[in-house]
Amino acid sequence: DPQQLELATSGKRKLRRFIVIDEVVDELYGSKVREYFEENNVQHKILALPTTEETKSMDLVLNILQEVQNFSIDRRTEPIIAIGGGVCLDIVGLAASLYRRRTPYIRVPTTLLSYVDASVGAKNGVNFLQCKNKLGGYTPPVASFLDRSFIQSIPRRHISNGLGEILKMALMKHKGLFDLLKSHGKYLLDTKFQSYSGSANHGDAALQTTRIAIETMLEELAPNLWEDDLDRLVDFGHLISPELEMRVLPSLMHGEAVNIDMAFMTYVAHARGLITAEEKEQIIQCMRGLELPVWHGGCSWPLIKKALMERLKHSGGQPRMPLPTGLGVAEIFNDTSEETLERAYKLWVRD
C-alpha cells in the first residue's frame, strides 16, 4: 500500500518491531540484532525465549501474545520477526496467526534444518498431549530471510540434523542433489555450509545443495500449500518419526528421527522390489557419510505399527507411503502388506 509505505518511510511515525529470538541465538547474535535496530532508529522489543521441542507448547504461544499485546503493534505495518530454529519459527508463526486473527510475520532461520525446511511453506504449530504439532495452522510468513552465516555457529550434529531433510528431497525428487550429498557431505559438515573462495574443487556445494533443496521443496509445497491433496512426497521420513521423536525426547533431533524413518522405508522399498540391493546400500552409505543415525533401539516393531495406524487415521484411511523407486525418484504407495513391512524390519534390524 503506497500510503502505508509513505507513512512508514516519511519519518512521521517511528518504525516499531517486535522480535522473538531463541535464547541461544540471542547469546550469539543478540547484540548485533539490537545494534541493527538502534542504528536504524527502530523502536523494538526483543523477547528471548527457550524454544525447544520440550517447551514447544501453547503456554509459550500465550506468553508471546501477552508481550505482543503489551508492546501494542499495528498488525498491518509491523510484522513480528522470528529469529531461531524450526521450533522458534513454528511457535511464532502460530502466535502471529492467532493475534487479531492474523498478524504478518517474518522468518529468519538460524539452523540448517530451519533454513531448508521450516523457512519454506505455510505450516506452524506446537506440541500437545505428547503429540508433535497437534495444534497449528497454515499461515505463510510475508517473507523468509535466508542467511547461511548463522549456520557457522551451530554444532556439527545440528548440521547433520539439517542434512537429513536435504537428503529427503534428494531421495524423493533429485538425483543430482543425492550425488552432491554423496560427494561433498563430509566437506559440507566440515565447513558448516559456508562458502569460501578456496572451495573451487567443491563448486560451492553449500550454495548448490541449499538452493536445490529449497527449490524442490517449493515445487512440492507451492501447489498444495494447504495440504488439500494428502499424497505428498515430502512426507517421506515422516510416517514413523513423529511417534519415535516424541517417545525418546530429547535423545533424537528432528532430522535424525526423520533419517531413521527414511532408513527403514529404504528397506521397505527394497523388500517390495522398488530399488536394488545396490541402491539400498548407496542410500544407507550416504546417510552414514552425513553422520546420520540409520537405526534406533526405540524404533520397535510395535512402535512402527502404532505410528502407521495413526497415519491411517489422519490421511483419509490410506497409508500414502512415499517410497523411493530409484535414486532421486519416488512414488506413493497404498498397498504395502504387513508381511512386507515386517520382513523389511527384520532385515533392517539384522543389518
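Salt bridges number 29 in this predicted model. Five residues, Lys123, Glu227, Arg232, Asp235 and Arg311, are joined in a network of such bridges.

In helix α9, which spans residues 241–248, Arg247 and Glu243 stand four residues apart, or about one turn of the helix. Their side chains form a salt bridge in which the closest N and O atoms are 3.5 Å apart. The partners fall into separate classes of accessibility. Arg247 counts as partly exposed because its relative accessibility is 48%, whereas Glu243, at 19%, counts as buried. The value for Glu243 falls under the 20% cut-off for a buried residue.

Because the two residues lie four positions apart in α13, about one helical turn separates Arg343 from Glu339. Arg343 has a relative accessible area of 36% and is therefore partly exposed.

Which parts of the chain does the pair Asp351 and Lys280 tie together? The side chains of these two residues meet in a salt bridge with an N to O distance of 3.6 Å. Asp351 belongs to the segment after α13 (338–350) and Lys280 to helix α11 (residues 277–289), so the bridge ties together parts that lie 71 residues apart in sequence. With a relative accessibility of 46%, Asp351 counts as partly exposed. Lys280, in contrast, has a relative accessible area of 8% and is buried.

The second topic is the packing of two helices. Helix α7 (residues 175–191) packs against helix α8 (residues 205–221) at an angle of about 135°, and the two axes are 10 Å apart. This angle makes α7 oblique to α8, since angles count as roughly antiparallel over 145 degrees and as roughly perpendicular from 65 to 115. The crossing of α7 past α8 is left-handed. On the α7 side, the contact is made by Leu177, Leu180, Leu181, His184 and Leu188. The α8 side contributes Ala205, Ala206, Gln208, Thr209, Ile212 and Ala213. What is the division of these contact residues into nonpolar, polar and charged? Eight are nonpolar and three are polar, while no charged residue takes part in the contact of α7 with α8.

Terms used:
Residues are numbered from 1 along each chain as its sequence is written. This is a predicted model: local features need pLDDT of at least 70, side-chain atom pairs count only at pLDDT 80 or more; totals for chains, interfaces and linings use all residues. Side-chain values use heavy atoms; hydrogens and water are left out. Axes are lines fitted to C-alpha atoms, for helices over the stretch in contact, and angles run from 0 to 180 degrees between N-to-C directions. Angles under 35 degrees count as roughly parallel, over 145 as roughly antiparallel, 65 to 115 as roughly perpendicular and the rest as oblique. A crossing is left-handed if the near helix is turned anticlockwise from the far one by less than a right angle, and right-handed if clockwise. Contact means heavy atoms within 4.5 Å. Ala, Val, Leu, Ile, Met, Phe, Trp, Tyr, Cys and Pro count as nonpolar, Asp, Glu, Lys and Arg as charged, and the others, Gly among them, as polar. A salt bridge is a side-chain nitrogen of Lys or Arg within 4 Å of a carboxyl oxygen of Asp or Glu. Buried means under 20% relative accessible area, exposed over 50%, partly exposed in between (1.4 Å probe, protein chains only).
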